[in-house]
Amino acid sequence: MVTTRPTLHGTFGMVSSTHWLASSSAMAVLEDGGNAFDAAVAAGFVLHVVEPHLNGPAGDVPIILAPAGGRIQVLCGQGPAPAGATIGHYRDALGLDLVPGTGPLAAVVPGAVDAWLTLLRDHGTKSLAEVLKYAIGYAADGHPAVERIGLTVESVRQLFEEEWTSSAEIYLPGGAAPAAGGMLRNPQLAATWRRLLKEAAGPGRDREAEIEAARRIWREGFIGEAIAAHAARPAMDSSGERHAGVLTGDDLAGWSAGYEEPVRHEWRGWTVCKPGPWSQGPVLLQQLALLDPGLDADAYGTPEYVHTLIEGGKLAMADREAWYGDNGEVPLKELLSPEYNAGRRELIGERASFELRPGAPGGRTPRIAAAALAGAERAGVAAVAGSGEPTVDRSGETRGDTCHVDVVDRWGNMISATPSGGWLQSSPVIAELGFPLGTRLQMTWLEEGLPTSLTPGRRPRTTLSPSLALRDGEPVLAFGTPGGDQQDQWQLHFFLAAALRPPVRGGLDLQGAIDAPNWHQDSFPSSFYPRGTRPGSVTVESRIGEETIAGLRRRGHEVTVGGPWTEGRLCAVGRDPERGVLLAAANPRGAQGYAVGR
């Protein structure tokens, strides 16, 4: 198969991320003797700088890590709802039907920075200064802006100029949005990290003590104080009104990133690991469970194959809507059981379904938010197809806003992380710090009794979903993609393309699996404000071919044909333990993701 790039092969280390500067920075850390976890932290902070429309320091990050010979864990960098984030406050006191998609009222406790620092403390070897220097350099000295940054800023120009003037100071310097390839600087963010390093480097502190000091400063020092003061200031949001947030210093001080066991599923000799159902990660596992035992590898790429995957995805996403969340125990054992999936599999017919059909695991009665059932009338931003880049309207409402990074090193350490949130169009920039708050609370419902009801101290059900897969008990593949609700649809196709097709050159054809024509469907409530849905809608890349497009339409799908390279921004790294070979590949879509290694 001819691919856009080769699958990289080497023995020293491999990195794949959604921006070449993050990949190169991570590789520089590996070359300097750091391990995969040091490298991922450096890449994470660089992504805050070079993809500010896709993530930021006050955003979120779930991480799956596999230390060589050690225990696979999920490090949760998804902060919870503040103590003051009650349904009564939003619905009754403020008169809102939905949590706004922008502004301080949608802010959770920021999780990304604390997660990266926790990872560095527990699994890294480098000092904080050694991993932060790349991000500081790009923020202070500038980096060539990718085209989508300028387009995103232009989409919210009026909002920045009239309301969010602190954002305009950074992203509309001299009144002009960043030009593609032009140097973009964020001197205030560079100053924030430099001050953090200076204050954390107290007399006699070793590496771990400095990192712990930095975590305290983030939560309770000058950074935490500025975040809390900013959240209390009213700002215009997507409701069309100015609201103050409810995030406080106590919320910041009372939370820290923590480790969890991944959710696992065995599939044809693979063990696939995902974050828990506070994310949408188990959706990938449910789709795999639905495909067994009937998926014919020889049918790969046919209209019947694509139809089967689309319809299975609808069922899994319906279960996500009914059962996933952080407000109680999620019946994952039943959702992934052969008995449950045998019954669900019978719902996949010859024709496309336009219904939202959650199941009843263990005899439980599913419940969908009333506002979700009305979502087809409110498609809004959620109706627009994309490739993992944000779709943004004038109020800053965003969909598909994420980055990704995977790293494997010569010792066998492997990591997959999906940073997101806190993007430049989400909320006004905190003038003293150089970054905005995140808006993850938009993924909660203002209705009592749901797994995803807005609840103080509970995490919103995020779309972020990194992946790690094992063969014979050995971690061999780390992968993921930006793309909001589409993440585990695109990842399913990638994983099947890698797992079902014959290997090339003695290893997985990662680049071929990434390059393969992809698609997504929107027959479920969007996780993003205004929470719309498009029953029966399927968006495909034109490269999928006329035969498949016609075959899907004959089966009743409402097919939108996108550009040839518009679906997904996948990254992947792998390892072959028997040969001692490392692999990497990156997505050509969007022209900014790159894999590096040797």
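**Cavities, a strand and a helix**

Guide: The model is a predicted one. The structure holds 7 cavities of 30 Å³ or more.

Visitor: How much space lies in the largest cavity?

Guide: A cavity is space where a 1.4 Å probe fits but cannot get out. For the largest cavity, that space comes to about 110 Å³.

Visitor: Of the residues that line the largest cavity, which are the closest to its centre?

Guide: The lining of the largest cavity has 19 residues. By class, 11 are nonpolar, 7 polar and 1 charged. Helix H2 (36–50), helix H8 (165–171) and strand S17 (435–436) each supply at least two of the lining residues. The closest to the centre are His 48, Val 49, Pro 52, Tyr 171 and Asn 186.

Visitor: Now to strand S4. How many of its residues are buried?

Guide: Buried means under 20% relative accessible area. On one side of S4, Gln 73, Leu 75 and Gly 77 are buried, and on the other, Val 74 and Cys 76 are buried. Both faces are covered. For strand S4 (residues 73–77), the count is 5 of 5.

Visitor: What is the bridge partner of Cys 76 in S9?

Guide: S4 also joins strand S9 (residues 258–260) through 3 bridges. These two strands run antiparallel. In S9, the partner of Cys 76 is Gly 258.

Visitor: Let us turn to helix H20. Why are its buried residues on the same side?

Guide: In helix H20 (residues 546–554), Thr 548, Ile 549, Gly 551 and Leu 552 are buried. They lie on the same side of H20 because the arc they cover around the axis is only 165°.

Visitor: Which exposed residues does the face of H20 turned away from its buried side carry?

Guide: The buried residues of H20 pack against helix H14 (303–323), strand S21 (537–541) and strand S22 (558–562). The face turned away from that buried side carries the exposed residues Glu 546, Glu 547 and Arg 554.

Visitor: What is the phi of Gly 556?

Guide: Gly 556 follows H20. Its phi is positive, near 95°.

Terms used. Residues are numbered from 1 along each chain as its sequence is written. This is a predicted model: local features need pLDDT of at least 70, side-chain atom pairs count only at pLDDT 80 or more; totals for chains, interfaces and linings use all residues. Side-chain values use heavy atoms; hydrogens and water are left out. On a 1 Å grid over the protein atoms alone, a cavity is a set of points where a 1.4 Å probe fits but cannot get out, and a pocket is an open set with protein on both sides within 12 Å along at least five of seven lines; lining residues have an atom within 4 Å of a point. Grid points are joined across faces, edges and corners, and a volume is the space filled by probe spheres set on the points. Helices (H or I, at least four residues) and strands (E, at least two) are DSSP runs, numbered from the N terminus. Ala, Val, Leu, Ile, Met, Phe, Trp, Tyr, Cys and Pro count as nonpolar, Asp, Glu, Lys and Arg as charged, and the others, Gly among them, as polar. Buried means under 20% relative accessible area, exposed over 50%, partly exposed in between (1.4 Å probe, protein chains only). Two strands pair if DSSP finds at least two bridges between them. The arc is that of the directions from the helix axis to the C-beta atoms. Contact means heavy atoms within 4.5 Å.
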